[in-house]
Amino acid sequence: MSLSNYRLLRTLSRLASLGRKPGVLPLPDPSDPASFRVLLHRPQVALDTDGLKRFYNGKRILVTGAGGSIGSEIVKQALTLGATHVTLVDHSELALYEIDRAVRETFEGQRAHPVLCSIRRKERIEAVMKAARPDVVFHAAALKHVPMVELNPCESVLTNVLGTQYVIDAAKAAKVGQLVLISSDKAVAPSSLMGATKRLAEHLIRTQITDDHQACVVRFGNVLGSTGSVVPLFKSQIERGGPLTLTDKDAERYFMTIFEAVQLVLTAAMHNAETPQHKSGLYILEMGQPVRILDLANRLIRLYGLKPDKDIKITFTGLREGEKVTEALIDDNEIRQAVLPGIFEVANVAHVAPLADEIMHTLYALAQEGHDDPARTMVFNLVKSLRDRPTPLPQIVNAE
């Protein structure tokens with residue numbers, strides 16, 4: 001018997017002796033604060049749900065990437081809060097089918113409309129947005145898995161940067177009142193192409209808003225249980241008998257649940273819309289201290305009733321291209337200020353003007369022609385230029 005098969009049989013036997021079935025792992029329940037603390041060792045942030053209901057009741061919403069982990073939760077929470085209609089936009093037929101089916105099974109009435117559409121098709125996304133007439137657009141569509149993006153630089157530019165430009169143009173043409181970008185802590189001092197393209201997307205959103213529109217960026221860390229995140233990976237590895245593969249023994253990340261992340265997104269969008277002085281805010285959540293991945297792995301193993309390094313081995317593979325040992329929520333050239341309980345607004349210590357159209361067109365042309373290395377180099381050079389400029393931004397406005 002091979003070592004891997006032995007480990008699998010030993011793990012299954014151990015789970016059976018504990019009365020636990022493979023595939024059943026007690027992950028934190030958003031409605032149970034005590035459960036939430038098990039993995040993250042911090043309380044869940046309490047937000048103003050009554051205020052959210054008042055704001056979203058009667059709103060028309062459009063969500064790009066509606067079939068993804070974050071996008072689908074935005075759809076569900078928006079409908080729960082009383083949105084009259086949600087347009088579900090996704091380029092994946094299966095993902096779109098799944099969220100549409102979930103909505104129809106959970107919510108009464110025809111309050112959602114699925115649209116198979118890529119944000120990389122300018123005319124198509126403009127037509128969809130004009131037909132939907134949304135009050136608020138949540139732009140969650142993106143390529144976001146660091147190793148995959150590193151292998152496909154041009155695709156990441158076309159989706160995360162050019163696709164975002166098309167969403168901005170469509171929102172303006174449809175006279176959308178509020179545009180919200182879902183971003184990542186990997187956009188802070190980015191070392192990965194995914195983070196760098198998200199930093200450019202943040203810049204586009206925040207510098208191209210006119211007097212008739214508002215926009216905001218919501219930046220947060222890793223999401224427990226999302227597609228491709230470490231928890232489902234560790235769960236699968238434990239049930240195979242191990243080993244658990246970690247990149248570095250000191251690697252640490254900020255974590256939150258999908259439910260909590262989306263509440264932040266909805267609250268930040270509400271605050272930004274209700275602050276007339278704002279046109280393009282950037283928000284982060286108070287996420288406590290970063291969690292060491294090794295500690296998270298050990299907690300997961302123990303949740304199965306198993307012992308780390310005895311029942312389940314842990315191995316280290318080394319950091320992959322673009323990965324860091326630790327992440328941050330604000331950059332060296334940014335400052336944060338509390339605007340709501342548990343929520344901070346971030347401002348640059350330097351104002352950054354819009355990048356010239358000819359510069360962005362050069363980047364898009366490189367990506368469309370498949371020039372991976374020049375496109376990658378240009379992305380990082382542009383991000384460096386954004387982080388180096390020295391003019392102060394307007395002061396953050398506190399919530400009353």
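Biologist: Is C154 buried or exposed?

Modeller: This is a predicted model, and in it C154 counts as buried, at 3% relative accessibility. C117 is buried as well, with a relative accessible area of 4%.

Biologist: How many disulfides are there?

Modeller: The count comes to zero disulfides.

Biologist: What does the secondary structure of the protein chain come to?

Modeller: The protein chain has 14 helices and 15 strands. Of its 400 residues, 54% are buried.

Biologist: What share of the contacts join residues at least 24 apart?

Modeller: The share is 79%, taken among contacts between residues at least 6 apart in sequence.

Biologist: Let us turn to helix 6. Which of its residues are buried?

Modeller: Helix 6 spans residues 122-132, and its buried residues are I125, E126, V128, M129 and A132. They lie on the same side of helix 6, because they cover an arc of only 160° around the axis.

Biologist: Which residues touch the most other members of the largest nonpolar core?

Modeller: Those are M129, F138 and F220, in a core of 100 residues. Helix 8 supplies the largest share of this core, with ten residues. Apart from it lies another core, of 20 residues, among them V231, I238, L244 and L300.

Biologist: Going back to M129, what is it in contact with?

Modeller: Leaving aside neighbours within four places in sequence, M129 is in contact with L62, P134, V137, V167, A170, A171, A174 and V176. As a general point, nonpolar side chains in soluble globular proteins tend to be buried together.

Biologist: What lies 2.6 Å from a polar atom of the S156 side chain?

Modeller: The backbone oxygen of P153 lies at that distance from the S156 side chain. Beyond neighbours within four places in sequence, the contacts of S156 are with L143, V149, V161, L193 and T197.

Biologist: What about Q237, is that one buried or exposed?

Modeller: Q237 counts as buried, at 5% relative accessibility. The residue sits in helix 10 (residues 230-239).

Biologist: Which side chain has a polar contact with that of Q237?

Modeller: The side chain of T245 does, at 2.8 Å.

Biologist: What kind of peptide bond joins G242 and P243?

Modeller: The bond is cis, with omega about 0°. P243 lies in the loop between helix 10 and strand 8 (244-246). For background, most peptide bonds are trans, and most residues other than glycine have a negative phi.

Biologist: On that subject, what is the phi of A189?

Modeller: A189 has a positive phi of about 40°, although it is not a glycine. A189 is in the loop between strand 5 (178-184) and helix 9 (193-207), and at 29% relative accessibility it counts as partly exposed.

Biologist: And what is the phi of D309?

Modeller: The phi of D309 is near 70°, a positive value in a residue other than glycine. D309 is found in the loop between helix 12 (293-303) and strand 13 (314-316). At 44% relative accessibility, D309 counts as partly exposed.

Biologist: Last topic: where is A353 found?

Modeller: A353 is in the loop between strand 15 (343-348) and helix 13 (357-368). A353 is partly exposed, with a relative accessible area of 32%.

Biologist: What separation is there between the C-alpha atoms of A353 and L386?

Modeller: They are separated by 8.7 Å, while the two residues are 33 residues apart along the chain.

Note on methods
Residues are numbered from 1 along each chain as its sequence is written. This is a predicted model: local features need pLDDT of at least 70, side-chain atom pairs count only at pLDDT 80 or more; totals for chains, interfaces and linings use all residues. Side-chain values use heavy atoms; hydrogens and water are left out. Helices (H or I, at least four residues) and strands (E, at least two) are DSSP runs, numbered from the N terminus. Buried means under 20% relative accessible area, exposed over 50%, partly exposed in between (1.4 Å probe, protein chains only). Contact means heavy atoms within 4.5 Å. A disulfide is a pair of cysteine sulfur atoms within 2.5 Å. The arc is that of the directions from the helix axis to the C-beta atoms. A polar contact is a pair of N or O atoms within 3.5 Å; within protein, one must be able to donate a hydrogen and the other to accept it, and residues adjacent in sequence count only if both atoms are side-chain atoms. A nonpolar core is a set of buried Ala, Val, Leu, Ile, Met, Phe, Trp, Tyr and Cys residues joined through side-chain atoms within 4.5 Å.
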